[in-house]
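Open the model in your viewer and keep the selection tool at hand. The tour moves one stop at a time.

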Amino acid sequence: MKKMILAAICMVFAIASNAQSNKDEVALLQSAFGMSKQQMVKDFMKLSDTESVKFWAIYDEYEAARKEIGKKRITNIENYANNYETLTNEKATELMNSSFAIQGEFGKLQQKTFKKMSKELSPLRAAQFTMLEGFIENSIRTEILDAIPLIGEFDTKK
Amino acid sequence: MKKIVLFAICTVFALVTKAQTNTEELRYLQSVFGMEKKQVVAERIKLSQAESAKFWSLYEEYELYRSEISDRRAENIQQYAKNYTNLSEAKAEEILKNTFEINDELAKLWQKTYKTMAKELSAKIAGQFTYLEMYFEAIGRQKLAEIIPNIGKNEPIKK
């Protein structure tokens, strides 16, 4: 059973495991959209030269923080897969609490980045980026939620 | 499961973006979505008779709050739709701040419901329920992103 779940998760992160870092969720997106995330953002935002300098500095800072959160999320899913067959109520609570904390961290990062970008570029620019980023993040979430089974969905006693 | 709820979600969100949609129509669609969602939850979470009564009473309470949050979101999206072609800096800021608040509220509601459900039923059932709710939310947002264009994309809002 553990193998089946891990296989499902590996399918989601198939591209990720081929990439340099095997814990980068964005690699998953890269396979779906056929271009790097940075390229997507660049094509979409159409920044002027002056905006560019400020924007990419904030973006890089954001990406570094987001990648850390992404790693935590993957670790949490791996933890779920490793404990799936014998999931106790205690473990379920631990995993869910981690999941809530990770979501909270991501929400805070989005808000912090929005504020900073609003100030240094403009609220419209910041809103564009936040919407795009929200879309990318949600695509990843949907893929993950689609791939992982519900607690007890597979009868492991069979 | 995706297919079961997809239609309901599409209809709700497509209409949300129509600025002229009246509240009554929206409420009706939300209730259709709510019913379909309830059916999926009932199918996926296996409950004993004793668990059933507790679960559904907590579910109804949760739905009450969730639908309030949904209404606020619908209102925020309508604001965006109305102002989309000529979005000012101030309006963009206001709409994004509302979005953050709405997302936070939903996250808080999930955590609160998870705690209560874990205490009154079990952490496993609470986990199953939270997972399903997160999934509905993710699909909903996905559909929303397909309907609503980003700022400056100069695309008409798909109705």
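Start at the packing around α4 of chain B. The buried residues of α4(B) pack against α6 and α7 of chain A, together with α3 (49–83) and α5 of chain B. Helices here are DSSP runs (H or I, at least four residues), strands are E runs of at least two, and both are numbered from the N terminus. Packing rests on contacts: two residues are in contact if their C-beta atoms, placed from the backbone, lie within 7 Å.

A word on the model before you go on. It is predicted: local features need pLDDT of at least 70 and side-chain atom pairs count only at pLDDT 80 or more, while totals for chains, interfaces and linings use all residues. Residues are numbered from 1 along each chain as its sequence is written, and chains are lettered from A and ligands numbered from 1 in the order in which they are written.

**Stop 1: α4(B)**

Select α4(B). It has 32 residues and reaches 47 Å from its first C-alpha to its last, close to the 46 Å expected at 1.5 Å a residue. The expected span is 1.5 Å times one less than the number of residues.

Which residues of α4(B) are buried? Among them are Ala92(B), Ile95(B), Leu96(B), Trp110(B), Tyr114(B) and Met117(B). Buried means 20 or more other C-beta atoms within 10 Å of a residue's own; exposed means 12 or fewer, and partly exposed lies in between, with C-beta atoms placed from the backbone.

**Stop 2: all of chain B**

Zoom out. Chain B has five helices and zero strands. Of its 159 residues, 30% count as buried. Among contacts in chain B with a separation of 6 or more, 72% join residues 24 or more positions apart.

**Stop 3: where the chains touch**

Show both chains. Here 30 residues of chain B are in contact with 29 residues of chain A. On the chain B side, α4 (89–120) and α5 (123–147) are the elements that give two or more residues. The largest share, 13 residues, comes from α5(B).

**Stop 4: α6 and α7 of chain A**

Now select residues 89–120 and 123–147 of chain A, helices α6 and α7. Their axes come within 8 Å and cross at roughly 155 degrees. Axes are lines fitted to C-alpha atoms, for helices over the stretch in contact, and angles run from 0 to 180 degrees between N-to-C directions. That makes α6(A) roughly antiparallel to α7(A). Roughly antiparallel means over 145 degrees, roughly parallel under 35, roughly perpendicular 65 to 115, and oblique the rest.

Last, pick out the contact residues. Phe106(A) and Phe114(A) are among those in α6(A) that meet α7(A), whose residues there include Phe129(A) and Glu133(A).
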